[in-house]
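Hi,

Here is the structure I promised to pass on. Have a look at it first, and then read my notes below.

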Amino acid sequence: MASVSTTTPNAHTRAIHNDLGREDQTLLLFAHLMEGGKEDDETVESLGKLTKLLTDDVEATEKGEKSITAVIDSDCVDTILCYLDMRQPDVVRGHAALCTSAYLKAAGDDGSKKLSAFFLDRIQRGTYDDYIVAFCVAATIFPIVPDLTSELFLSEGFLPSLGPLMRRKWKSRKVETACLEMLNAACMHSHCREAVQKYCIDWLEEIVDQDTEQVVESMYTTDPDTAAQEGSVSMRRHSIHVQNLAAVVLTKLRLKAVQPDQAPPDPSDPTQPRIQPATTSVEDLSKKFTQMLIKDPEHSSQSSVEGLAYASIRAKVKEDLAGDPEFLNSLVKTLESAPPRSPLMYGALSIFVNLTQYRPALTDEQKRISQLKAYADAVGKLQPDPLNDNEHVSARCKRVFEAGVTPVLVTISKTSSVASLTLIISILNSLSMTPSMRGPLAQQGAVRLLIGAWTNLPEGDPKNMTVRRTAAQALARILISTNPMLVFGGARATPISTAIRPLVHILLPDPTVDTRDLLPTFESLMALTNLAAVDDDTRRTIVRVAWKDIEELLLYNNSRITTAAVELVCNIVQSPEEAEALFADTSKPQAQTRLKILVALADAEDAATRSAAGGALAALTGYESVVKAIAERERGPEIVLGLCEDDNEDLRHRGVFVLLNMVACEGQAGKLARETFLSKSAVEIIRNVVTRSKRREIVELAVQCLKLLLGKE
């Protein structure tokens, strides 16, 4: 190792002085880390300071300064890597992983060479301690430097040597655990996964299928003196934890055989081999994980949850898990008790995502391509799994909801990482697809969660754009089907205005994707329409935040979008202030244009659009300026009378109401309206309305119109 002062300082913070150079600070930190008998917090502090020095070193070397990695020799690297040992406390291992990552980034090729030399040297020594450290280091650095680690992992003779090690008569649980954790990490790399499949699959199967009673019986048969050997039984069989880890690795290997949305091969298919190899299937492994979680959640939850997070990609496994209420309750409890931002929490959330995830919605073009692929797959006997259709997913969502997951999601969302929050939003988005669950979702706090998630996720981060849109869409669905006064009322009420910006965020289609998905736009308009029915303050906020987009959507080339936009306008103009500002002030060209558009929409082919436009005109014709503008507009009176003649009684009701407002208007505008309608045969039309209509309120309005037109009032 490089020269290091051996003087022992009097306190931990004594080792680093601001007046020392970066190299001296580095050497003093390594001297402290090499000393024995230190408290964990002291070790963590030293690792943290070393990590900062190495992180800053990258920027310093770019400015022309000498790198501190020049004084870090093989002994120093050995020191850092040994803190990754599984026998170290988790907090120390975590900081050692950060320090290792910073070193490899700062040292470049030299750091990679030292790491390779460390790993190969430990493997060649071949002691249990050396195996443990080497395997732990490999498991930790796989995500950090996957290319370098996979090269070491695939070095000649390494994987074949693991079989004899794991099959030794006397077992070392720590060696086996470290080895399996390394294989678990390696399975994320395609080439490494193929190598594990080739060299390790047999002994992994042996570990998973180990029969404890058979092992004990065999021991006593071959060695009668076994009873005199203390601990001999436990030392000659694989521990439950080791079996669980092996099952997780086996699950990752098995999942690559069939794509998640493909149905498994049919055994009755004559093209399939008549004799299938005896292997542990993903379904078998998932049953094992399920029982582990139910019977021993305290000790087996991590392995079982990780295994099921992968196994539940399979549709058959999803159905089995969702159909087991005891398992769902155990998983909810595991999620509730999981430490914040932990792998256990993320794994449990991943299972719920897999259980509740719908297939993505397809455009017409994508559906045609999918049909062509299905035809090609039919020739090759590969069919989409019917257990992943919307009907099955909806049923799974209902069972997950009934297990009580929503309150737990609301609670853990307050301390979740962005990654976990993304999964929470995905789960709620799937649950909100079922209309009957939207009210209970709102009651259990989903609305506040979604608003908070949309607000708190950083807006500028491209990774969060899709997540924020998903949160807003789930919020929209819930607000479509619930009473806003109930959702936003109560002692600790969430202001209704906080929901408006997330909804406006998805009013226009996502500009970052190639295909247009109009469903979020439609659902946002419907939700805003529901909110706009509450009070004038809400209508004012909607107009201030979203009017430009709403106005654009009034003329969108999709009838459902147009209808939803007009329905929103209908509720907005119930506010006198907004009605006057947007439509009634006909001295402004913009107001005139809007009114022309609204009158034209009252003559649209779609009945729902005509109804919504008629409702808006019913409110607006209370203004003299609007009455005058419609009476003077070409075909304006004809469109109003067209509503009165409609076969739909609701539309007829709205038409007669608009007509009454216009002919009852005082002043020159009312006189103009009466004269214009008389010239358009309004009397005969309204008499027919009286004759045809069955509803009393329509007849009464029509009679009033006739009296005013005939001058009898």
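Which residues in α9 meet which residues in α14? On the α9 side they are R173, E176, T177, L180, E181, L183 and N184, and they meet H241, V242, L245, A246, V248, V249 and K252 in α14 (contact means heavy atoms within 4.5 Å). That contact divides into seven nonpolar, three polar and four charged residues (Ala, Val, Leu, Ile, Met, Phe, Trp, Tyr, Cys and Pro count as nonpolar, Asp, Glu, Lys and Arg as charged, and the others, Gly among them, as polar).

Before going on: this is a predicted model, where local features need pLDDT of at least 70 and side-chain atom pairs count only at pLDDT 80 or more, while totals for chains, interfaces and linings use all residues. Residues are numbered from 1 along each chain as its sequence is written, and side-chain values use heavy atoms, leaving out hydrogens and water.

Back to the helices (DSSP runs of H or I, at least four residues, numbered from the N terminus). α9 covers residues 173–186 and α14 residues 240–254; they pack at about 15°, with axes 9 Å apart (axes are lines fitted to C-alpha atoms over the stretch in contact, and angles run from 0 to 180 degrees between N-to-C directions). So α9 is roughly parallel to α14 (angles under 35 degrees count as that).

Now for T26, in helix α1 (residues 22–34). T26 counts as buried because its relative accessibility is 0% (buried means under 20% relative accessible area, with a 1.4 Å probe and protein chains only). Leaving aside neighbours within four places in sequence, T26 is in contact with L50, L53, I68, V71 and I72.

Cheers

Methods. Helix = DSSP H or I, 4+ residues; strand = E, 2+ residues; numbered from the N terminus. Parallel < 35°, antiparallel > 145°, perpendicular 65-115°, else oblique. Buried < 20%, exposed > 50% of the residue type's maximum accessible area, 1.4 Å probe, protein only.
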